[in-house]
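I opened my notebook for this one and went through it piece by piece. Here is what I looked up, in the order I looked.

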Amino acid sequence: PQARLRDMDRMGFDAQMLFPSTLYAHMTDDPGFEAALFRAYNRFAGRQCKTDPTRLKWSGLLPLRDQHQALEAIDELQRLGVRAAVLFGTAGERLLSDPVFLPVWDEFARTKLPLCVHMGMSYPPLAQLGRSIYDGHVIGMSLPAQLAFMAIVGHGMLDRYPELTVAFLEFGAEW
């Protein structure tokens with residue numbers, strides 16, 4: 001963190017918002033193991049950013065596919081000082097609006113944290129639709145964003161949670 005802060009000073013940056021790698025979008029088929037990986041990342045990022053939380057801000061991963069872990073992670077993320085929660089376009093083979101996730105969304109909405117939908121290969125079978133690596137990348141990384149938009153906007157999540165703030169990050173929207 002100290003080296004990062006020195007580099008930020010050198011470049012004239014007052015603060016930086018850190019996001020996890022899209023590699024987390026689908027590292028395993030096991031929801032429990034995925035939750036453990038997400039939460040380990042969150043603890044690491046939280047520790048690193050605690051060095052100077054006014055300048056090093058971070059977003060944590062929400063392990064939606066394991067409901068018990070997701071509920072615990074929401075509390076833990078807040079204790080660690082997270083500024084936003086990150087999800088990918090789907091939770092594996094489920095849309096973000098799937099009713100099974102309602103207890104998690106109910107709890108998350110109470111936090112008032114922004115929800116960031118980040119690009120990532122969250123449902124690998126989509127990539128198999130293409131004829132090339134490029135096709136697979138374009139389909140597998142971008143279609144989940146459209147599915148997330150449909151789930152959040154089209155399936156009434158913003159009606160159910162009117163104070164929910166959502167950002168769709170990357171997906172062709174240049175930094």
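Predicted model: local features only at pLDDT ≥ 70, side-chain atom pairs only at ≥ 80, totals over all residues.

**Entry 1: salt bridges**

I began with a cut-off: I call it a salt bridge when a side-chain nitrogen of Lys or Arg lies within 4 Å of a carboxyl oxygen of Asp or Glu. I picked out a few to look at.

I looked at Arg-10 and Asp-7, whose closest N and O atoms are 3.5 Å apart. Both sit in helix H1 (residues 2-11), 3 residues apart, which is about one turn of the helix. I checked the surface too: Arg-10 counts as exposed because its relative accessibility is 62%, while Asp-7, at 34%, counts as partly exposed.

Next I turned to Arg-43 and Glu-76, a salt bridge with 2.7 Å between the closest N and O atoms. Arg-43 belongs to helix H2 and Glu-76 to helix H3, so this pair ties together parts that are 33 residues apart in sequence. Buried or exposed, I asked of Glu-76? Glu-76 is buried, with a relative accessible area of 9%.

I then found Arg-160 bridged to Asp-106, with the closest N and O atoms 3.1 Å apart. Arg-160 is in helix H6 (residues 157-160) and Asp-106 in helix H4 (residues 102-111), so the pair ties together parts that are 54 residues apart in sequence. Arg-160 is partly exposed at 46%, and Asp-106 counts as partly exposed at 24%. I also saw that salt bridges with shared partners join Arg-39, Arg-43, Glu-72 and Glu-76 into one network.

**Entry 2: helix H2**

I went back to helix H2, residues 31-49. Its 19 residues reach 27 Å from first C-alpha to last, close to the 27 Å expected at 1.5 Å a residue. Which residues of H2 are buried? I listed Glu-34, Ala-35, Phe-38, Arg-39, Tyr-41, Asn-42, Ala-45, Gly-46 and Cys-49. They cover an arc of only 155 degrees around the axis, which puts them on the same side of H2.

I wanted to know what they pack against, and I found strand S1 (16-18), strand S2 (56-61) and helix H3 (67-80). At the start of H2, I noted a side-chain oxygen of Asp-30 within 2.8 Å of the backbone nitrogen of Gly-32.

**Entry 3: helix H5 and Leu-147**

I finished with helix H5, residues 133-154, where Leu-147 has its place. The 22 residues of H5 should span 32 Å at 1.5 Å a residue, and the end C-alpha atoms are 30 Å apart, which agrees. Its buried residues include Gly-136, Gly-140, Met-141 and Pro-144. Among the elements covering the buried residues of H5 I found strand S4 (115-118), H6 and strand S5 (166-169).

At the start of H5, a side-chain oxygen of Ser-132 comes to within 3.3 Å of the backbone nitrogen of Tyr-134. After H5 I found Gly-156, with a positive phi near 80 degrees.

I gave Leu-147 a look of its own. It is partly exposed, with a relative accessible area of 23%. What does Leu-147 touch, leaving out residues up to four places away in sequence? I noted Gly-89, Thr-90, Leu-95 and Leu-126. I also checked Leu-147 against Ile-74: they are 73 residues apart in sequence and 23 Å apart in space, C-alpha to C-alpha.

Note on methods: Residues numbered from 1 in each chain as written. Heavy atoms only, no water. Helix = DSSP H or I, 4+ residues; strand = E, 2+ residues; numbered from the N terminus. Expected span 1.5 Å × (residues − 1). Buried < 20%, exposed > 50% of the residue type's maximum accessible area, 1.4 Å probe, protein only. Arc of directions from axis to C-beta. Contact = heavy atoms within 4.5 Å. Polar contact = N/O pair within 3.5 Å; in protein donor to acceptor, adjacent residues only side chain to side chain.
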